[in-house]
Amino acid sequence: MNNCPICGKPLNEGEIFCQNCKALVLNDATDSRQFSKSEMTNFESSTMPKQEETWQEKFFTAEGRLNRQPYILRELFLGVMPYVFAFICGILVRPDVAENVALGLQILCAFPCVMLIIRRLHDIGRSGWWWLLALIPFVNFIFGIYLMCKKGEVGSNRFGADPLQ
């Protein structure tokens with residue numbers, strides 16, 4: 001039985017990662033061995049700091065999962081932004097121009113909103129095609145409340161890793 005060279009905790013036979021400090025521990029038996037993809041993924045996900053999402057990953061991708069809080073905040077941002085810009089435009093230019101600015105920005109914000117809905121659906125284990133419910137009047141209101149309130153699946157699912165872990 002060996003000890004971790006970093007934290008000194010005892011290691012079980014054949015372990016290549018310290019369960020305490022997540023350090024990679026190599027010895028004569030593991031030096032020549034090839035590590036499996038799952039072992040390296042587990043090591044990287046447990047030791048590497050999470051990178052901040054870029055704005056493209058936040059708003060313009062349907063890949064992965066999105067939990068409730070970022071979903072609500074990003075949808076709120078995309079819902080309020082056109083009106084803020086229209087208000088500023090109405091003060092600085094003319095009110096009739098502000099209406100056109102608001103309409104144009106709402107149309108531009110539709111695509112990122114759909115991407116957020118798809119990622120939120122992935123978090124609760126549903127296909128992204130369920131976003132089409134948002135196009136049905138009255139159903140879209142109930143659907144929106146459902147997306148904001150339904151807790152995502154715990155652990156990984158077919159759409160990716162749990163965003164809370």
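## Helices and cores in a predicted model

Among contacts between residues at least 6 apart in sequence, 53% join residues at least 24 apart in the chain. Keep in mind as you look around that this is a predicted model.

The chain has 6 helices and 0 strands, so its pattern along the sequence reads α-α-α-α-α-α. Of its 165 residues, 29% count as buried.

Let's turn to one helix pair. Helix 4 (residues 68-92) packs with helix 6 (residues 139-149) at an angle of about 135°, and their axes lie 8 Å apart. With angles over 145 degrees counted as roughly antiparallel and 65 to 115 as roughly perpendicular, the two helices are therefore oblique to each other. R68, Y71 and I72 of helix 4 meet L147, M148 and C149 of helix 6. By class, this contact has 5 nonpolar, no polar and 1 charged residues.

Now to the nonpolar cores:

| Core | Size | Members include |
|---|---|---|
| Largest nonpolar core | 13 residues | Y71, L78, L116, I117, L121, F143 and L147 |
| Second, separate core | 5 residues | C4, L11, C18 and V25 |

The residues named for the largest core are those with the most contacts inside it. Helix 4, helix 5 (95-123) and helix 6 each supply at least two of its residues, and the largest share, 5 residues, comes from helix 5.

Leaving aside neighbours within four places in sequence, Y71 is in contact with L66, L116, I117, R120, L147 and M148.

Key. Residues numbered from 1 in each chain as written. Predicted model: local features only at pLDDT ≥ 70, side-chain atom pairs only at ≥ 80, totals over all residues. Heavy atoms only, no water. Helix = DSSP H or I, 4+ residues; strand = E, 2+ residues; numbered from the N terminus. Buried < 20%, exposed > 50% of the residue type's maximum accessible area, 1.4 Å probe, protein only. Contact = heavy atoms within 4.5 Å. Axes fitted to C-alpha atoms, helices over the stretch in contact; angles between N-to-C directions. Parallel < 35°, antiparallel > 145°, perpendicular 65-115°, else oblique. Nonpolar A, V, L, I, M, F, W, Y, C, P; charged D, E, K, R; others polar. Core = buried A, V, L, I, M, F, W, Y, C linked by side-chain atoms within 4.5 Å.
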